[in-house]
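Please read them alongside the coordinates.

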Amino acid sequence: MKKSLPGVALAATLLATGAAGAPATAEPARSTASASAVASAPSSAGTLLAESWRPPLSTRGRYVVDADDERFKLKSVNWHGAQGSYNGSGDVNDPASHHDAEKSDQVPLGLDRAPLASILADFHRLGANSIRLPFSNEMLHDQRPVPDAAVAANPAFKGRTPLQIFDAVIAATTAEGLAVILNNHTNTSRWCCGLDGNERWNTSQSTAQWESDWLFLAKRYKDNKRVVGADLYNEVRRTVMDDANWGWGNDHDWWAATQRLGDRLLTEANPDLLVIVEGINWQGIPTDLTPHGRPTLEPARELSHTLVASDKLVYSAHFYGYTGPNHTGATGTGETHDPRYQELSREELFRTLTRQALFVADDTRRHYTAPVWISEFGIGADETNPQGRTWFANFVDYLIEHDADFAYWPAVGFTGHGRWKLLDYDDRGNRSGVLDGDDWRAPHWRRLVDAPGRTGAVPVADTWDQLTTDHTDFVQSLRVRAKGDWDNGARKAACPDGQRLVGLSHDSGRGLCTDTGARGLAAPGGALTVVTDERYVTDGDWAGGYTKYQCPADQFMVGYSVRGRALSAVLCAGAGRALPKSGRTLWFDRGDNRPADAPGGEFARGAYKGQCGSGEYAAGVAHSGAWARGNKPAALLCRTL
């Protein structure tokens, strides 16, 4: 599809210094290609940027932070090309068969026209602090050297495979202080996005291959700490026959696929990576007679991701003025009468952007609260439609107002070959674009990059996470995973390490976790107790006539298991201190029973829910096997922390 620096003073300094010099020699972990051919000291701008932040990155509430817990706002550009440019028909060797006649040869665009150091210097001048670097799965496996013409301005790259050039580009980019976020853009090396065989992560390949390729890359760059994120797949959308979904549990379940891969990346490959999940880009058949639309991140309100490391999740979304919440962006065939984003009033646009995506960052103390990265947006320098220009100005206003992380699409292109790029290079390496001349987008870009926003240290935020046993086990505690199967045959759920269970649904198998009011409650290496009977009910009958699964003294609930809708066991963890025994019985078998402000958000829509207060811990669950009760959770024992 067509698609800063920390503080104004630093941005101004980088713009003034530019970037003299070539990239440094650092080679990614497990890389098979040497970057020494392009080695040199980092530029002064690169040194300054590198000194302004310390990897790895993580999250605190709605913000991305660096290793010093300082806000690191993603002020990014997309450097495309390694994902492929072929349109899918015609001679693949003919530039005319490639998008905008920009034949990339599966390497980042522009290496045939400008030295790598010059391109990176221009990224500094743009004010970017991070690069979204798309790739295709096909590129990773292509062992053919790229044509010499594809790297004419960088002769040291001649004879290298696309992946070896990708290695060298990453090494040079990170040596310049720029953070790199890897983006799996396509399965095959074709231009995105339509009915092109790249609609899903597993359209032209298996899910197993997709996971294997990601694990390979995450391990490959593990020792390069400025490779900070894994953007798992681009613009998941409908194929001719069916849709991707969010939470159905089948082979097209985008939520389940990203939940599983995110955990695998963090546990098997690189625990430092940000895991970036884009919302579903399109569902349905776009006609005026059939349901269709752009779900984006709206499904996360009711089913969000809970990774084994809760501070590694970032959500993302894409917006272009010519598309719409229910408009594909097509003109003519495939066009519906739904409004495009650029046809919405400013107020309607702002409401729609919040509803579709930015609510995730704006809503605090919810299970879905996370940073939102608008990882693609853009418009052409040759745009003459007043609606399009107004949309772009309004969109930039919105990003500034919400202090949102962003990435412009695309950064680099060829002069005379389309006008969407921020930087164009002609065949002699001369640059044009927002840094030169009278590009109407330049003032909007500059005010976006220079906009004031949250800076400095970000305090620790309360964490809320959702558990679900809809289709399989959901044990998000590494400590509990190490324990093994603690209730064979049942579906098991456990909170991430450092959190406690505070909420349960009556009959949907979902739960709610938090660390609010008691961070570090668990004793390091403390006991884990599986409770399947009433042996620990020693201080009074708190749910007469019901079976009570209660934690031992000085332990608190961190998990549970179910068989169908029936409670099977509870899992308790030992606290690092004595826990009070005073508390209350909280019934939820006939209606919701939650704190007035319902912190954590809707974690089990359509089911009755019980939730202890933020100053309490759950010490037990009551259930009954009497007729029509089905041993479903009916009451929580909530005790004061």
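1. Aspartate 485 and lysine 492 form a salt bridge, with the closest N and O atoms 3.2 Å apart. A salt bridge here is a side-chain nitrogen of Lys or Arg within 4 Å of a carboxyl oxygen of Asp or Glu. Lysine 492 is buried at 5% relative accessibility, whereas aspartate 485 is partly exposed at 48%. Buried stands for under 20% relative accessible area, exposed for over 50%, and partly exposed for values in between (1.4 Å probe, protein chains only).

2. Residues are numbered from 1 along each chain as its sequence is written, and side-chain values use heavy atoms, with hydrogens and water left out.

3. The average pLDDT (the predictor's confidence in each residue, from 0 to 100) of the protein chain is 92, and 94% of the residues score at least 70. Over residues 1-37 pLDDT stays under 50, yet the model has 123 contacts beyond four places in sequence for them; a contact means heavy atoms within 4.5 Å. Where pLDDT is low, the predicted coordinates should not be read in detail.

4. The structure holds 46 salt bridges. One of them pairs glutamate 298 with arginine 355 at 3.0 Å, N to O. This pair links distant parts of the chain, 57 residues apart: glutamate 298 lies in the loop between strand S9 (292-293) and strand S10 (313-318), and arginine 355 in helix H8 (residues 346-362). Helices (H or I, at least four residues) and strands (E, at least two) are DSSP runs, numbered from the N terminus. Glutamate 298 is partly exposed at 27% relative accessibility, as is arginine 355 at 37%.

5. Aspartate 243 pairs with arginine 238 in a salt bridge whose closest N and O atoms are 3.2 Å apart. Aspartate 243 is partly exposed at 25%; arginine 238 is buried at 16%.

6. Methionine 241 sits in the loop between strand S6 (227-231) and helix H7 (254-269), and is exposed at 66% relative accessible area. Together with Leu195 and Val240, Met241 forms a nonpolar surface patch of about 360 Å² accessible area. Patches consist of residues with over 30% relative accessible area and no salt bridge, like charges being joined within 9 Å and nonpolar side chains (Val, Leu, Ile, Met, Phe, Trp, Tyr) within 5 Å. Accessible areas come from the Shrake-Rupley method with a 1.4 Å probe, and for residues only the protein chains shown count as cover.

Key:
Predicted model: local features only at pLDDT ≥ 70, side-chain atom pairs only at ≥ 80, totals over all residues.
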